[in-house]
Amino acid sequence: MEIKDKELDHGVLKVTMTGSLDVAGSDVADAHFAAIDQSKTRIVADLTHVDFLASVGIRVLVKTAKALGGRGGKLVLLNPNDAARRVMFTTGLDRIVPIADDEQSAVIAAS
Amino acid sequence: MADTAITLGADLAEIARMNLWLEANHGASEDVFERMKLCLNEAVENTIRYGLKSGQGGKVEVRLGQKGGCAEIEIIDNGVEFDPLERASPEAMTDLESASIGGFGILLMREAATSLEYERREGRNVLTARFCQREA
């Protein structure tokens with residue numbers, strides 16, 4: 001799992017993940033989200049290059065969304081693949097965390 | 001069945017090796033492969049994390065084969081007796097505040113597999129998962 005951060009407009013931070021949100025990748029992602037400056041409360045998680053999402057990855061995303069929500073912020077998911085969307089649908093993640101298809105929509109949803 | 005098999009130790013890092021093995025050997029459609037991979041990851045993670053004891057010879061064997069035109073996987077471990085199918089699936093999340101942050105593995109396994117069966121066989125847990133092609 002490789003992760004890169006990029007500042008977008010309106011104080012939104014884009015976190016781009018490349019790899020699998022399996023056990024190993026989710027550990028990396030969890031540590032990365034936990035280390036982000038607490039002043040960053042609006043985060044777009046770019047999942048375009050995430051090729052696999054398991055329940056351990058759902059756990060990281062829900063945990064992050066809850067933490068941001070608790071600080072008055074928001075997590076938005078950007079462009080998950082079809083398999084990841086099915087996992088989100090089955091678990092209900094798509095009902096509690098916004099999913100955007102492009103970066104502009106994601107920034108608006110996070111702002 | 002057992003056209004091919006892999007044996008994993010009691011270490012979560014073994015899941016990466018399992019995924020490479022599955023990718024090289026599945027011979028199924030993309031849909032069936034994705035569902036097998038998800039089910040296997042959930043089942044094997046659960047077994048290694050909770051069922052096996054590191055340093056005490058804990059092992060998981062995964063067998064991959066075909067039966068009746070469907071892919072079939074057997075997951076066999078020598079850990080503590082545990083039937084994952086006896087556990088109730090959690091409800092899907094409906095709001096962020098009340099959402100549980102974990103426990104969705106069994107829900108995803110049930111959704112991914114066409115059928116799941118558990119048996120205790122000769123002191124081992126045996127979980128059999130079938131994956132038939134779904135209608136488009």
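Chain A contains five helices and five strands, where helices (H or I, at least four residues) and strands (E, at least two) are DSSP runs numbered from the N terminus. The model described here is predicted, so local features need pLDDT of at least 70 and side-chain atom pairs count only at pLDDT 80 or more, while totals for chains, interfaces and linings use all residues. Residues are numbered from 1 along each chain as its sequence is written, chains are lettered from A and ligands numbered from 1 in the order in which they are written, and side-chain values use heavy atoms, with hydrogens and water left out.

Read from the N terminus, the elements of chain A follow the order β-β-α-β-α-β-α-α-β-α. The radius of gyration of chain A is 12 Å, close to the 13 Å that the globule rule gives for 111 residues, so chain A is as compact as a globular protein of that length. Here the radius is taken over C-alpha atoms, and the globule rule is 2.2 Å times the number of residues to the power 0.38. The C-alpha trace of chain A spans about 30 × 25 × 25 Å along its principal axes. Of its 111 residues, 52% count as buried; buried means under 20% relative accessible area, exposed means over 50%, and partly exposed lies in between (1.4 Å probe, protein chains only). Among the contacts in chain A with a separation of 6 or more, 66% come from residues 24 or more positions apart, a contact being heavy atoms within 4.5 Å.

A:Ser26 counts as buried, at 1% relative accessibility. Its side chain reaches the backbone oxygen of A:Asp22 at 2.7 Å. With neighbours within four places in sequence left aside, A:Ser26 is in contact with A:Ser20, A:Leu21, A:Val56, A:Gly57 and A:Val60.

Charged pairs come next. Side chains of opposite charge can pair when their charged atoms come close. The count over all chains comes to 17 salt bridges, each being a side-chain nitrogen of Lys or Arg within 4 Å of a carboxyl oxygen of Asp or Glu. One of them joins A:Lys63 to A:Asp30, with the closest N and O atoms 3.1 Å apart. This pair links distant parts of the chain, since A:Lys63 sits in helix α2 (residues 55-70) and A:Asp30 in helix α1 (residues 23-35), 33 residues apart. A:Lys63 is partly exposed at 39% relative accessibility, and A:Asp30 is partly exposed at 23%.

Another salt bridge of chain A pairs A:Arg85 with A:Asp101, the closest N and O atoms being 2.8 Å apart. It too links distant parts of the chain: A:Arg85 belongs to helix α3 (residues 82-91), while A:Asp101 is in the loop between β5 (99-100) and α5 (103-110), 16 residues apart. A:Arg85 is partly exposed, with a relative accessible area of 28%, whereas A:Asp101 counts as exposed at 55%.

In chain B, B:Arg49 forms a salt bridge with B:Glu45, and the closest N and O atoms are 2.8 Å apart. These two residues are separated by about one helical turn because they are four residues apart in helix α2 of chain B. B:Arg49 counts as partly exposed at 36% relative accessibility, but B:Glu45 is buried at 11%. Elsewhere in chain B, salt bridges link B:Glu61, B:Arg63, B:Glu74, B:Glu119 and B:Arg121 in a network.

Finally, the two chains meet. The contact takes 22 residues from chain A and 26 residues from chain B. Between them the chains bury about 2000 Å², with 68% of it on carbon and sulfur atoms; buried area is the accessible area (1.4 Å probe) that two parts lose on being put together, summed over both. B:Met93, B:Leu96 and B:Ile101 supply 36% of the area that chain B buries against chain A, more than any other three residues.

One salt bridge is counted between chain B and chain A. It brings together the side chains of B:Glu34 and A:Arg86 (2.8 Å, N to O). On the side of chain B that touches chain A, α1 (14-25), α2 (30-51) and α3 (105-112) of chain B each supply at least two residues. Of the elements of chain B, α2(B) gives the most to this side, with seven residues.

How values were computed: A polar contact is a pair of N or O atoms within 3.5 Å; within protein, one must be able to donate a hydrogen and the other to accept it, and residues adjacent in sequence count only if both atoms are side-chain atoms.
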